[in-house]
Amino acid sequence: MNKINKQLKKEAIITVILYLIYFVWWYSFAYGLGDVDPKDYKYILGLPEWFFYSCILGFLMITTLLWISIKLFFKEVDLKIYEKNAGREEWKK
Amino acid sequence: MEKIKLILPLLVYLGITLYIAYYNSPRRKKSKDFTNEYFIGNRSMGGFVLAMTVIATYTGASSFLGGPGVAYKLGLGWVLLASIQIPTAFLTLGILGKKLAIISRKIDGITINDFLRARYQNKWVVIMSSTAILLFFMAYMVVQVIGGARLFEVLTGLDYTIGLVIFGFSIIFYTVFGGFKTVAITDAIQGVIMLITSIILFWVLKEAGGGMRNIMKTVYEIDPNLLTPSSGGAITKPFIMSFWVLVGVGLLGLPQTTIRCMGFKDSRSLHRAMVIGTFVVGFLMIMMHLIGVMGIAIIPNEQLGDKVIPILAIRNLSPLLLGVFIGGPLAAIMSTVDSLLIQTSSTIVKDIYINYIAVEIDQKKLSRISLWTTSIMGVMVFALAYHPPEFIVWLNLFALGGLEAVFMWPILLGLYWKKANATGALLSMGISLLVYVSMTVLKIKLFGMHQIVPTIAIGGLVFVIGSCLNKPSSEEHLAIFFD
């Protein structure tokens, strides 16, 4: 049954990696593009470029990436077998 | 007549909520295992409900009132700060979700303390965590309720007490009789209301300001710094980075989110909830805080503080729309209070009463005690909100950080580190809380960081050292958690 535990660890690691990707994206666009004189700002959809990329696009990017990662790497686990009265011994094997 | 238009949508909405409570009442269904049904809803949440209840519980008065208020003062930099919260939902669900779902089924646990007790096998860990939940939740709820009743006063012009009574009666009623399942389902509806209302206000304001580009231009003319990530130096880097702990990593283990990892139906629900949750929270956070910034252009140069959203709504929406809108922030507050209320009750009944006072107890008596406990705690919250004692307001300042200090490491390391034991958990819980409270009271800020950062760092270190001082649990016992 250690196989499931390995899978859970893998999913936790993927979650952390996604979190780090969002952090790097958020930080680099905000401070990479935003830390200049505001009179030089370019605008996208009416919003300053740094804000559009960091917050709006960052949000859409991470949601999509998350969706794909879950499709690819996350596995269905049957939770019922762990329940009190339902084949309790199964997970012990 | 105008007042009726305002209140009507609110009453319709409260009516629906009460009906759902009646429909899902565990008493009505004569359930066999009362606590399981009442406190965790028989682990039946699907993906959408799970996502919405996690978000709605977490999104309270601050996201609808306080946060946008600061954005009105500091500009886009504060929206940048708010968007730190976007990945928190999937971080929590992704790391804790499946593991807790499996373990809570194995140990037949329905509260955070059931997990802590099973993992650490130590009475003091449970007592300490119960005390933290009761104290901090109480303060948190009272302050949320005060926010809700004041908002009701500002928006409808009716008396604070009337708001408190309507509000109090409905929350207590549906939580007492409906239990966890009703809380989760109403949270989902409240989440949808929050979304709709924020879209309405955003759209109306965008039109009123003559489009986004125009609004940003006006903001630029008022003060160019309002468009920068640092708000012209007002939001320093150590400060904003601290929020990656305070409203990011630190939320791992927050009891009101963690309990939801024990209540979903199957792993597919969890996967869906991660995506839906991230999408909804991002949408809501960006929109609400951006509305605060748009307020700068639409009502310039006023000292509005956390009234900015209500005032913008009053000045720009028609009475009926305003009535629909009031539902948004009130839903945000109600969905936080109901969740904390049911969890407070489960802590008293399941973790303290059944464990240490009355071990043998029949289902009928148990259901009576649970309903009474929830009612009494609910009435207490609203009574305290009528005349809030200073102690409660003071305590609320520590609520979020305090819960993080107590719960993050014991839950995270308990799930993922075999050597974690009671010695480490107890030392870490005690010392973290002490460090956090004393640093906050003495206003000590290391390198300009929020106090939560050193607290979490010290707490983790103490946990590891403490655990190494004593033996880990037996392999046999650990099998429940790691095999």
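A disulfide is taken here as a pair of cysteine sulfur atoms within 2.5 Å. By this rule, zero disulfides are counted over all chains of the predicted model. B:Cys468, in contrast, has a relative accessible area of 53% and counts as exposed because the value is over 50%.

The interface between the two chains was examined next. Contacts link 48 residues of chain A with 53 residues of chain B. The area buried between chain A and chain B is about 4700 Å², and carbon and sulfur atoms account for 74% of it. On the side of chain A, the greatest losses of area to chain B fall on A:Tyr19, A:Phe59 and A:Leu79; together, these residues make up 16% of what that side buries.

Polar and charged interactions also cross the interface. Nine residue pairs in polar contact are found between chain A and chain B, and the salt bridges between these chains number two. A salt bridge joins the side chains of A:Glu83 and B:Arg105, with an N to O distance of 3.3 Å.

The elements of chain A that each give two or more residues to the side touching chain B are helix H1 (2-34), strand E2 (47-48) and helix H2 (49-73). Of these, H1(A) gives the most, with 17 residues. By residue class, the side of chain A that touches chain B comprises 33 nonpolar, seven polar and eight charged residues.

Conventions:
Residues are numbered from 1 along each chain as its sequence is written. Chains are lettered from A and ligands numbered from 1 in the order in which they are written. This is a predicted model: local features need pLDDT of at least 70, side-chain atom pairs count only at pLDDT 80 or more; totals for chains, interfaces and linings use all residues. Side-chain values use heavy atoms; hydrogens and water are left out. Contact means heavy atoms within 4.5 Å. Buried area is the accessible area (1.4 Å probe) that two parts lose on being put together, summed over both. A salt bridge is a side-chain nitrogen of Lys or Arg within 4 Å of a carboxyl oxygen of Asp or Glu. A polar contact is a pair of N or O atoms within 3.5 Å; within protein, one must be able to donate a hydrogen and the other to accept it, and residues adjacent in sequence count only if both atoms are side-chain atoms. Helices (H or I, at least four residues) and strands (E, at least two) are DSSP runs, numbered from the N terminus. Ala, Val, Leu, Ile, Met, Phe, Trp, Tyr, Cys and Pro count as nonpolar, Asp, Glu, Lys and Arg as charged, and the others, Gly among them, as polar. Buried means under 20% relative accessible area, exposed over 50%, partly exposed in between (1.4 Å probe, protein chains only).
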